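I opened the model to look up confidence, helix packing and a few local details. My notes are below.

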Amino acid sequence: MPGYGLENVRPRPRVVVVGFAGHQGKEYLPIVRESADIVGGVDPAPAASSLADEWGFPHFDFLSEALERVEFDAAVVTVPHSEHFPVCTKLLAHGRHVIKEKPFAVTEQEARQLIHLAQRADRSVFTLLQRNFDPVFQFAQENLARIGEPYWFSYDYHFNLAHPTTGWRASREQAMGGVLLDMGYHLIDVLSGLFPEPPRVHSAFVHRYQEMRDRRLEDLVSLMCSYPSTGLAGSLRISRHNYEKVEHLCVLGTEGALNIAPGVAILHSVGGLPLERHTWDGPKIDAVRSMIAHHLGHLDDRYYRQGHLQRQLVAVRTIDGIYQERLREQNELADRCA
């Protein structure tokens with residue numbers, strides 16, 4: 001029958017990409033196009049115009065121009081941390097969905113305001129965190145109960161950059177934080193999916209380079225999290241200048257353990273005998289593809305939206321709390337030395 005089933009075909013979302021000429025934005029362009037129609041791009045970078053011509057969509061230097069001249073459903077946002085909040089608030093004020101790079105927000109106050117604006121506009125704000133779509137991390141979450149009551153975790157995540165941080169991440173005004181806000185957001189989000197919000201977090205900030213110390217952008221952070229009501233505790237270590245690139249999460253429980261590293265998750269019995277091994281040798285881009293397609297397909301899913309927003313609030317509140325406690329300690333030290 002002509003037209004049979006067409007009433008159930010959902011139209012492809014119309015998307016504007018904000019910050020598309022940067023490294024992350026360029027990586028997302030072909031993936032976004034698989035699930036949506038890119039109808040415009042916003043980026044003031046000199047190379048942005050020719051890149052937009054290459055991809056065949058209109059280019060705008062400013063978001064206000066795109067909002068005036070293009071009809072679109074959602075924006076994919078990849079901009080420096082300092083621009084996240086003003087870009088997202090403007091999009092929500094104009095009734096657009098937002099799919100954005102982490103962090104969801106820099107401060108708890110901004111996070112709460114974004115959630116309020118999203119709920120008032122009945123629009124989604126989804127944060128791009130690919131570990132939630134990585135089969136290895138999915139296996140870990142699905143099998144956590146098999147190790148009994150967790151009592152300890154350790155999570156290490158390190159880059160092996162041979163030189164000081166460059167680009168906007170080396171600017172205090174744009175980055176608004178060091179490795180904790182940048183790399184650490186991924187880890188805090190993973191832990192938020194496994195455990196409750198940590199009531200207590202102690203931190204140590206370390207600087208490899210003097211210029212980063214001067215800008216108050218930590219090169220390494222070590223965290224100790226404790227959950228007194230359950231007896232759980234754990235540590236995180238995050239850095240950019242380790243001798244090797246590594247990511248490793250270990251969770252110890254009363255009936256076994258979970259070990260998670262890129263491409264493999266292993267469930268152990270008490271004593272260390274491997275019980276089950278889950279591997280995934282697909283490229284990272286496959287998890288990114290699943291993530292973006294999923295978010296684009298759930299723009300109007302209020303139930304999924306609400307859970308996502310609350311989880312992001314926990315991650316932002318945890319990181320903001322660590323930075324605020326660090327600032328209080330520095331101010332107290334300055335007062336004692338005055």
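**Ground rules.** I am working with a predicted model, in which local features need pLDDT of at least 70 and side-chain atom pairs count only at pLDDT 80 or more, while totals for chains, interfaces and linings use all residues. Residues are numbered from 1 along each chain as its sequence is written, and side-chain values use heavy atoms, with hydrogens and water left out.

**Confidence.** I looked up pLDDT (the predictor's confidence in each residue, from 0 to 100). Its mean over the chain is 95, and 97% of the residues reach 70 or more. A contact here means heavy atoms within 4.5 Å. Where pLDDT is low, the predicted coordinates should not be read in detail.

I took helices (H or I, at least four residues) and strands (E, at least two) as DSSP runs, numbered from the N terminus. Axes are lines fitted to C-alpha atoms, for helices over the stretch in contact, with angles from 0 to 180 degrees between N-to-C directions. For orientation, under 35 degrees counts as roughly parallel, over 145 as roughly antiparallel, 65 to 115 as roughly perpendicular and the rest as oblique. The axes of H5 (residues 108–121) and H11 (residues 302–337) come within 8 Å and cross at roughly 165°, so the two helices are roughly antiparallel. From H5, Glu108, Ala111, Arg112, Ile115 and Gln119 meet Gln306, Leu309, Leu313, Val316, Arg317 and Asp320 of H11. I sorted these residues by class: five are nonpolar, two polar and four charged. The classes are Ala, Val, Leu, Ile, Met, Phe, Trp, Tyr, Cys and Pro as nonpolar, Asp, Glu, Lys and Arg as charged, and the others, Gly among them, as polar.

**H4 and H5.** What does H5 do with H4 (residues 81–93)? Their axes come within 10 Å and cross at roughly 15°, so H4 and H5 are roughly parallel. Phe85, Cys88, Thr89 and Leu92 of H4 meet Glu110, Gln113, Leu114, Leu117, Ala118 and Ala121 of H5. This contact divides into seven nonpolar, two polar and one charged residue.

**H1 and H10.** The axes of H1 (residues 23–35) and H10 (residues 284–297) come within 9 Å and cross at roughly 50°, which makes H1 oblique to H10. On the H1 side I find Glu27, Tyr28, Ile31, Val32, Glu34 and Ser35, which meet Ile285, Val288, Arg289, Ile292, Ala293 and Leu296 in H10. By class there are eight nonpolar, one polar and three charged residues.

**Around H5.** A cis peptide bond joins Lys102 and Pro103, with omega about 0°. Pro103 is in the loop between strand S5 (97–101) and H5. Asp122, in the loop between H5 and strand S6 (125–128), has phi near 55°, a positive value in a residue other than glycine.

**Salt bridges.** I searched the whole structure and found 17 salt bridges (side-chain nitrogen of Lys or Arg within 4 Å of a carboxyl oxygen of Asp or Glu). One of them joins Arg169 and Asp182, with the closest N and O atoms 2.8 Å apart. Arg169 lies in the loop between strand S7 (150–160) and helix H7 (172–175), and Asp182 in the loop between H7 and helix H8 (184–194), so the pair ties together parts that are 13 residues apart in sequence.
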